[in-house]
Amino acid sequence: MGLYQILTDPSSFKFYAEKSFPNVNAVSTPNSFGQKSIGYGNGNQPYIKIPIPGSGVTFAQLNLLNNPPTPFDLSTIPNIDKISKTENNLRYNPSSWGLDFLNRGNAFGLLRASDDVLRLTKFFTDTKSATGALFIAKQNLLSRVAPKTEASFGIAYGLGTVNSGIYTPLSTIGQAAVSVIEGNLLKQGIDPTGTIESLSIRNYQQAIAENQLLDNSFETNNRLIKLSKLSYVTVSEADGLNAGSTYKLSANTDYFMSYGGGPSSFLGVGNTKIKYATNNLGTTPLLTLSSEKEFSDRIASSNYSPIPLTWNRKELAEIPSQLINDITPTILEDFRKPLIEKSTSGQQIFLSSSPSYKLDGANTGNIEKRINFRGAGARGNRKNYKDGKKDITAGRVLGPTDLINAAPIYQREFASDNEVLKDLIDFRIGIYDNDTIGFSRNIKLNWLHFRVLLDEFSDSYGADWKPINYMGRAESFYKYDSFKRDVSIGFTVAAQSKEELLPIYKKLNYLASSLAPSYSDNGFIRGNLSRITLGNWLYEQPGFISSVDLSIPEESPWEINLPLDGQLDPYVKQVPHMVQVKIKFTPIHRFRPEITKLGDLPNADEFTENNIMYQNPTYGPQRYIALEDQTGPQSTGYDIQPQPTQPPPPGAAQSTQQQNDVAYGPVTSQEASSFTSPFSNGFFESPVSTTSPSAPANPDLALGNQGSIFIP
């Protein structure tokens, strides 16, 4: 009917009525344009109504608050009509918005922010809908189930009942107002501006200052100090720690702290309990600590000896001084050791065997002792930084932290095996002393030791094939021409203490100088050969260094030699504490470089799971990767083969050593007897002669029968 009327007599149909409703189809009045009847029901929505241009209705008339008059009622603002006209112009005329300057969205952004403030205000004060009230309740419930911190106290936190702070709609409404000028308010807290401390949420630093520093009550209010006491306080003493706290510390063996709400509560109802951690056996570590010790009974006992249990702070404070003096501090065995003794042949209940870390262990001991690195955390008097850290009782300077860094250059035929120079990985450079060559068989080298802080390592092999072209053939043929090998080593040297600084630079200076020539007494120029050992990859490898690059890492501090008493310290200089070193090294092999000769090759068809460990062939002397050390005549990994060991009979008792030994097997006696020691048949002979036909003064440097240079 309405469509027919519009088509036949459009002037008689008025959808937007003025003062009366001549048409029954009209759903709007001049002050209400019918939106509420389209999806909003009988509520107060929509909260923001935009007047139709030319309707004669202002924005202020359409958007009164739900319960006027109120301080937010726009109709009570003086000259609201003039404001409304300007506002209408902004809404419908983009050219009036102005520049986007100082506030987001220019003048129209201010208008949108005011709309958001009005919309949110109506949302939270709507008496016909519970949505706003439910939103406020939900935010406070989320705050209730959040973890409680040391800042969760005071009025802004509901006296500790709302863990992340009380939420009020003022935060959201205020944020909508200030966001247009890049403002930020606190979401939680009664005062979202943070200007009133008692009504605002606080950060951790504020909580510490307010709860501890202002009344000087560290012991009373610091939660970490309270928690440290739980290992020895009684239940009543634990209750005393909770005075004035919104959380509860407990001496219960199942948990040590609880508070209302939190993640473990159900919609904020109930408590959250923080439990002790457990080990892989499900045991609470607190129960593994030593309990209250009766010192009087222990001292009276003639067979008293320290037990490997942890003493708490209270016990350490109360232990008699004479008991401390009777105890020699040692590093205890690994905590898994006793479990090995409880293991059976069918069940092992430890993670893995581990070495002894006692200082007097057979071949192990404390790692700082093993590699001569004392650690920068050693106790000492550091009052005078110019003198360095001193022993507290003896008053002497402790000396270098890293003994390898502090080691000077020394001269020997072979590198020293002094334990002071022992590192996890052996790394040393020996520079041949040319003045000792040709005068005696004992050629000397000047040895440099560096802590092996490797940054890079590469060992490059190359072959050169020369092309040959024949007339009438387009492709190239190739003839083998030469072989080359280059080693690149990058490492960092870092002074850990004052006494290491100059020794490091003295060794670096000598290393760099080895690329310059040496001159004989007769004025002849001579290059400097060297030997390098890096683990068992390179072992006493002769060759020459072609380049040394020194660079300073960006993170390295510099020694500034700041005088303490007006006098410069002669034992340090203004140099970096760290230097990155890169060297290029070309090896000169003791063997004729050629493909490795193999002998006694096994038959792959006979490989089995049980015998494959013993099928190694014998290897010739072409060992580019050395796998060698100085431990004995068979010190190369090429000459060592696993020896078959028969497993023990089932149920036989085994010692700890036998348990740790690995039996490679089972194997048959025929398999075990079919292998002989490498080189036992003289299968290989060195292609380099160690004697010279003309018998020079130094036969070790004679030209061999293959034309190679032999270098010891």
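A search of the whole structure turns up 14 aromatic pairs, where rings of Phe, Tyr and Trp (its six-membered ring) pair if their centres lie within 6.5 Å, and planes under 30 degrees apart count as stacked, over 60 as edge-to-face and the rest as tilted. One of them is Phe124 with Phe135, a tilted pair at 6.1 Å centre to centre and 50° between the planes. Keep in mind that this is a predicted model: local features need pLDDT of at least 70, side-chain atom pairs count only at pLDDT 80 or more, and totals for chains, interfaces and linings use all residues. Residues are numbered from 1 along each chain as its sequence is written, and side-chain values use heavy atoms, with hydrogens and water left out.

**Aromatic pairs**

- Phe124 sits in helix H4 (residues 106–125) and Phe135 in helix H5 (residues 131–144), eleven residues apart; helices (H or I, at least four residues) and strands (E, at least two) are DSSP runs, numbered from the N terminus.
- Phe124 is buried at 13% relative accessible area, while Phe135 is partly exposed at 28%; buried means under 20%, exposed over 50%, partly exposed in between (1.4 Å probe, protein chains only).
- Tyr461 and Tyr624 make an edge-to-face pair, because their planes are at 90°, with ring centres 5.9 Å apart.
- Tyr461 is in strand E7 (residues 454–468) and Tyr624 in the loop between strand E15 (618–619) and helix H19 (656–660), so this pair ties together parts 163 residues apart in sequence.
- Tyr461 is partly exposed at 39%, whereas Tyr624 counts as buried at 15%.
- Phe123, Phe124, Phe135 and Tyr167 form one aromatic cluster.

**Helix H18**

- H18 (residues 501–513) has 13 residues and should span 18 Å at 1.5 Å a residue; its end C-alpha atoms are 19 Å apart, which agrees. The expected span is 1.5 Å times one less than the number of residues.
- Its buried residues are Leu501, Pro503, Ile504, Lys507, Leu508 and Leu511.
- Cover for those buried residues includes helix H17 (403–406) and strands E5 (427–432) and E8 (477–494), with contact meaning heavy atoms within 4.5 Å.

**Whole protein**

- There are 20 helices and 15 strands.
- Buried residues make up 35% of the 712 residues.
- Among contacts between residues at least 6 apart in sequence, 54% join residues at least 24 apart.
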